[in-house]
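Notebook open, model loaded. I wanted to look up salt bridges today, then one of the helices.

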Amino acid sequence: MAERRDEADERGLGTRAGATARDGVEAGAVYDIEASDPDGVLLDRAGIDESAIRQIAELMASLGELRDAEQRLAEASRRYMKLNETDMRALHYLIVCANRGAVATPGGIAQHLGISTASTTKLLDRLESGGHVVRSAHPSDRRALAISITPETKKAAMETVGRQQARRFHSAARLTEAEREVVIRFLRDMTKELALDGVEWATAEPEL
């Protein structure tokens with residue numbers, strides 16, 4: 001561990017006593033393992049060679065760049081559609097329901113978005129007043145409503161945000177079947193590692 005810390009200092013990844021401080025760091029440094037955890041507090045890297053650590057850092061940086069690209073696209077889509085993130089997720093859900101011949105209900109929307117019934121009602125009021133959705137009678141349940149996206153909003157969403165999002169398909173298509181299996185396994189494994197089940201600080205009520 002001491003050898004790795006010395007090497008990190010030599011690369012200028014941390015500021016130690018006697019080192020010259022700089023104004024900020026390059027964008028990729030925030031994903032560098034040695035820069036984020038020079039003393040091995042978060043990760044025990046014993047037995048992992050430097051080349052593997054560098055490659056893992058590059059992988060993490062690539063994931064960060066993907067998140068940044070997705071965030072820029074999401075922000076652009078919200079500006080174009082003049083809607084917030086929850087609104088856009090609701091519209092996407094309605095498009096998928098329509099494509100699959102499923103009836104979208106307020107309850108289904110609430111469950112998909114993870115919001116309350118009251119919040120769903122406000123969301124639908126807002127989308128309906130903006131001409132994005134239509135409420136109608138449920139075809140088989142007189143107690144429920146059916147929610148559908150208007151043709152104009154569906155076309156606008158599909159021809160802009162949807163078309164841009166769909167381009168991710170090409171990246172997956174360029175991989176071999178075996179490569180896709182590796183990526184699928186990696187992403188699912190990382191999702192499990194990030195799960196908050198049983199993580200006390202994530203579920204604890206904040207102290208007042």
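Predicted model: local features only at pLDDT ≥ 70, side-chain atom pairs only at ≥ 80, totals over all residues.

I started with Arg168 and Glu70, whose side chains meet in a salt bridge at 3.2 Å, N to O. This pair links distant parts of the chain, with Arg168 in helix α8 (residues 168-173) and Glu70 in helix α3, 98 residues apart.

Next I looked at Asp125 and Arg135, a salt bridge with its closest N and O atoms 2.8 Å apart. Asp125 sits in helix α6 and Arg135 in strand β1, ten residues apart. Asp125 comes out partly exposed at 39%, and Arg135 partly exposed at 24%.

Then I went to Glu34 and Arg45, which pair up at 3.2 Å, N to O. Glu34 is in helix α2 (residues 33-36) and Arg45 in the loop between α2 and α3, so the bridge ties together parts eleven residues apart in sequence. Buried or exposed, I asked of Glu34? Buried, at 1% relative accessibility; Arg45 is buried too, at 3%. Shared partners join Glu34, Asp37 and Arg45 into one network. My salt bridge tally is eight.

Last stop, α4. Its 15 residues (85-99) should span 21 Å at 1.5 Å a residue, and I find the end C-alpha atoms 21 Å apart, which agrees. At its start, a side-chain oxygen of Asn84 comes within 3.0 Å of the backbone nitrogen of Thr86. Just after α4, Gly101 has a positive phi of about 70°. Buried residues in α4 include Met88, Leu91 and Ile95, and their cover includes α3, α5 and β1.

How values were computed
Residues numbered from 1 in each chain as written. Heavy atoms only, no water. Helix = DSSP H or I, 4+ residues; strand = E, 2+ residues; numbered from the N terminus. Expected span 1.5 Å × (residues − 1). Buried < 20%, exposed > 50% of the residue type's maximum accessible area, 1.4 Å probe, protein only. Contact = heavy atoms within 4.5 Å. Polar contact = N/O pair within 3.5 Å; in protein donor to acceptor, adjacent residues only side chain to side chain. Salt bridge = Lys/Arg side-chain N within 4 Å of Asp/Glu carboxyl O.
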